[in-house]
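Thanks for coming. I have one model to go through today, and I will keep to the geometry.

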Amino acid sequence: MSDIVATNETILVAGGGISGISAALEAAEAGKQVILVEKNAYIGGRVTQLYKYFPKLCHPTCGMEINQRRAKSNPNLTILTMAEVTGISSDKGDYSIKVKLKPRYVNNNCTACGKCSDTVDAEFDSEFNYGLNQRKGAYIAYNNAYPQTYVLDERIIGTDDASKAKDACLADAIDLEIMASLKQTHYVRENIIDGTSDIYYIDIRAIDRFEDFYQ
Ligand code: SF4
C-alpha cells in the first residue's frame, strides 16, 4: 500500500452516484475544495431510479433530499453535471484532469416551471426510465432531480421546437447561442486549474461586455 500524501489541493470526485456524493460531501464538509463530475444531468445515479429503500421502505427521494440540501449549502462543493472525465495525467500528487461538458442549453436561471416542456412537440425515449416511456425534447429527468434545471435535448437544437422552448421561457434561462458555450468554458477555467476547452463555431455572437468572455 502506498503512503497517503495529504495536500491542500482540490479534490475531484468522478461519478455523482450515492458513493460519489457521499465522498464529495464528506470532503467538502471537512474543508476541502471539491469538484463532483457527473455524466447525467442530475446527481444521485441509480438510487434515484429505485422504488423504495429496504428495510425502511421509504422513497429514495427522501434520502437524496438530505444530500441535496447538504450539497446546496456547501460553498466548497462544485457540481458539474453532463460532464465526463476524459483524461488524467499525473505526477505524484499533481494531477491534471480533462473534463468534457455536454451542453444543457439551459442556465441557472431555470425555475423548473416546465413551460418549455409544455410547448415542445418532440418526444424521445426516457433514459431515466430505461425507454419504458417517453419524455419531451425539453425535460427534467424526474421531478425531484438535482439540480432543478431543465435540459434541451440536442436533437431539437436548430428546430422549431428549440425556438418555441426559448420563447416560452420567461426566466431567460435558455441559451441557444455561443454564450452558453462560452459560459461553460468560463466555469471550467474558474474551477479547474489549467482547464481548457475547444469550441467549434461558425460565428461568435457575443457583443458588448460579453466580448470579455472570449478575449
Ligand atoms: S428553461 Fe425556462 S421554461 Fe424551461 S423550465 Fe426552466 S425556467 Fe421554465
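I will start with the whole chain, then take the helices, the strands, the ligand shell and the backbone exceptions.

This is a predicted model. The protein chain has 6 helices and 9 strands. Of its 215 residues, 27% count as buried. Looking at contacts with a separation of 6 or more, residues 24 or more positions apart account for 58% of them.

Now helix α1, residues 18-29. Its 12 residues reach 16 Å from the first C-alpha to the last, close to the 16 Å expected at 1.5 Å a residue. Which residues of α1 are buried? They are I21, A24, L25 and A28. Seen down the axis of α1, these buried residues fall within an arc of 100°, so they line one face of the helix. The cover over them includes strands β1 (11-14), β2 (34-37) and β3 (77-80), along with helix α2 (60-72). Just after α1 comes G31, with a positive phi of about 105°.

β2 and β3 run parallel and are joined by 4 bridges. In that pairing, I35 stands opposite T78 in β3. In a regular strand, side chains alternate between the two faces of the sheet. In β3, L77 and I79 point one way while T78 and L80 point the other, and all are buried.

Is Y139 buried or exposed? Y139 has 23 other C-beta atoms within 10 Å, and the cut-off for buried is 20 or more, so Y139 is buried. Leaving aside neighbours within four places in sequence, Y139 is in contact with S117, Y150 and V151. The C-alpha atoms of Y139 and C116 are separated by 8.1 Å, and the two residues are 23 apart along the chain.

C116 comes up again at the ligand. There are 14 residues around the ligand, and those that come nearest are C110, C113, C116, C169 and A171. By class, the shell has 11 nonpolar, 2 polar and 1 charged residues.

Last, the backbone exceptions. Most residues other than glycine have a negative phi, and most peptide bonds are trans. Where does this chain depart from that? A cis peptide bond joins F54 and P55, with omega about 5°, and P55 lies in the loop between β2 and α2. Another cis bond runs from Y146 to P147, with omega near 0°; P147 lies in the loop between β8 and β9.

On phi, A112 has a positive value of about 60° although it is not a glycine. A112 lies in the loop between β5 (94-101) and α3, and is partly exposed, with 15 other C-beta atoms within 10 Å. D172 also has a positive phi, near 55°, and is likewise a residue other than glycine. D172 lies in the loop between α4 and α5 (178-191). With 10 other C-beta atoms within 10 Å, D172 is exposed.

That is the list; questions are welcome.

Conventions: Residues numbered from 1 in each chain as written. Predicted model: local features only at pLDDT ≥ 70, side-chain atom pairs only at ≥ 80, totals over all residues. Near = placed C-beta within 6 Å. Nonpolar A, V, L, I, M, F, W, Y, C, P; charged D, E, K, R; others polar. Helix = DSSP H or I, 4+ residues; strand = E, 2+ residues; numbered from the N terminus. Expected span 1.5 Å × (residues − 1). Buried ≥ 20, exposed ≤ 12 C-beta atoms within 10 Å, placed from the backbone. Arc of directions from axis to C-beta. Contact = placed C-beta atoms within 7 Å. Pairing = 2+ DSSP bridges.
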